[in-house]
Amino acid sequence: MKDHQARLIQLSYENKILTFGDFTLKSGRKSPYFFNSGFFCAGDVLGAVADSYAQTIIDAPDLEFDIILGPAYKGIPLAAVTIVKLAEKDPAKYGKMEYAYNRKEKKDHGEGGNTVGGSLKGKRVLILDDVMTAGTAIRESMALINAEGGILAGVALILDRQERMVDYEHSMIAQVKKDYGVPIYSIITLDDIVQFAKGKLPEEDIKKIEDYREKYKAHPIAE
Ligand SMILES: O=C(O)c1cc(=O)[nH]c(=O)n1[C@@H]1O[C@H](COP(=O)(O)O)[C@@H](O)[C@H]1O
């Protein structure tokens with residue numbers, strides 16, 4: 001793990017963003033751990049996640065994009081702080097780059113439309129979201145990009161839970177790569193969390209996480 005990844009997991013644990021227990025996921029799965037990015041509210045930890053996103057994007061060998069889309073609601077502040085960090089780290093490349101976010105409800109007065117911020121039209125769009133489990137949330141963002149005339153360029157996540165989709169054996173990552181030919185990067189994965197938990201949690205709790213990982217593990221895409 002790189003320093004910024006280890007630091008982010010540690011801070012997420014300290015700020016109760018990463019928690020262990022019994023949780024029911026959006027997909028209905030019962031999970032022994034949960035990552036709540038809604039708790040990225042203190043300045044230090046929000047700064048840390050922005051730094052990690054920016055570093056992950058800069059380190060990505062094959063990511064070329066013109067605008068960042070932060071899906072409502074949790075993606076909005078995350079995209080905003082990340083574009084600021086990117087502009088600080090590489091002003092020539094990112095200083096004038098814009099970000100955008102969607103409204104949950106369509107507005108029919110004022111400027112109208114479904115998105116706020118930079119226009120997606122004709123642009124290569126990087127979706128910046130928090131967590132991917134079975135891929136439902138990401139699909140909604142892709143539909144939005146299509147509707148606004150943008151082109152999907154890739155996805156940047158905080159956590160890849162490395163799970164298969166609900167009706168398939170493979171992951172949404174494999175599906176997106178196959179369908180769109182674009183990369184998906186995450187700052188951390190479930191494997192990193194297991195590694196972190198090993199020094200912190202009792203054996204029986206680690207076993208629960210490892211059993212969960214095995215049960216929902218994504219397999220290679222069937223041709
Ligand atoms: O419900 C989840 O799967 C989930 C797990 C987790 O650890 N953290 C978390 O925030 N989620 C929520 O689930 C969404 C991703 O799940 P999918 O839409 O199934 O990929 C996230 O955008 C969150 O709303």
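**A short note on the ligand site and a few local details**

1. In total 13 residues surround the ligand, and the closest are Lys-26, Phe-35, Thr-133, Gly-135 and Arg-161; a residue is near a molecule if one of its heavy atoms lies within 4 Å of it.

2. Before going on, please keep in mind that this is a predicted model, in which local features need pLDDT of at least 70 and side-chain atom pairs count only at pLDDT 80 or more, while totals for chains, interfaces and linings use all residues. Residues are numbered from 1 along each chain as its sequence is written, and side-chain values use heavy atoms, with hydrogens and water left out.

3. Which elements supply at least two residues each of the shell around the ligand? They are β2 (30-35), β6 (124-132) and α5 (136-147), with the largest share, 3 residues, coming from β6. Helices (H or I, at least four residues) and strands (E, at least two) are DSSP runs, numbered from the N terminus.

4. Now for the polar contacts, meaning pairs of N or O atoms within 3.5 Å (within protein, one must be able to donate a hydrogen and the other to accept it, and residues adjacent in sequence count only if both atoms are side-chain atoms). A polar backbone atom of Gly-135 is 2.6 Å from an oxygen atom of the ligand. For Thr-136, a backbone N or O atom lies 3.2 Å from a ligand oxygen atom, and for Asp-130 a polar side-chain atom lies 3.3 Å from one. The protein buries 91% of the 490 Å² that the ligand exposes when taken alone (accessible areas from the Shrake-Rupley method with a 1.4 Å probe).

5. The rule asks for a side-chain nitrogen of Lys or Arg within 4 Å of a carboxyl oxygen of Asp or Glu, and by it the count comes to 11 salt bridges. This pair links distant parts of the chain, 58 residues apart: Asp-66 is in the loop between α2 (43-59) and β3 (67-70), and Arg-124 is in strand β6.

6. Two backbone details are worth a glance. A cis peptide bond, with omega about -10 degrees, joins Ala-72 and Tyr-73; Tyr-73 is in the loop between β3 and α3 (75-89). Lys-16, in the loop between α1 (3-14) and β1 (18-24), has a positive phi of about 60 degrees although it is not a glycine.
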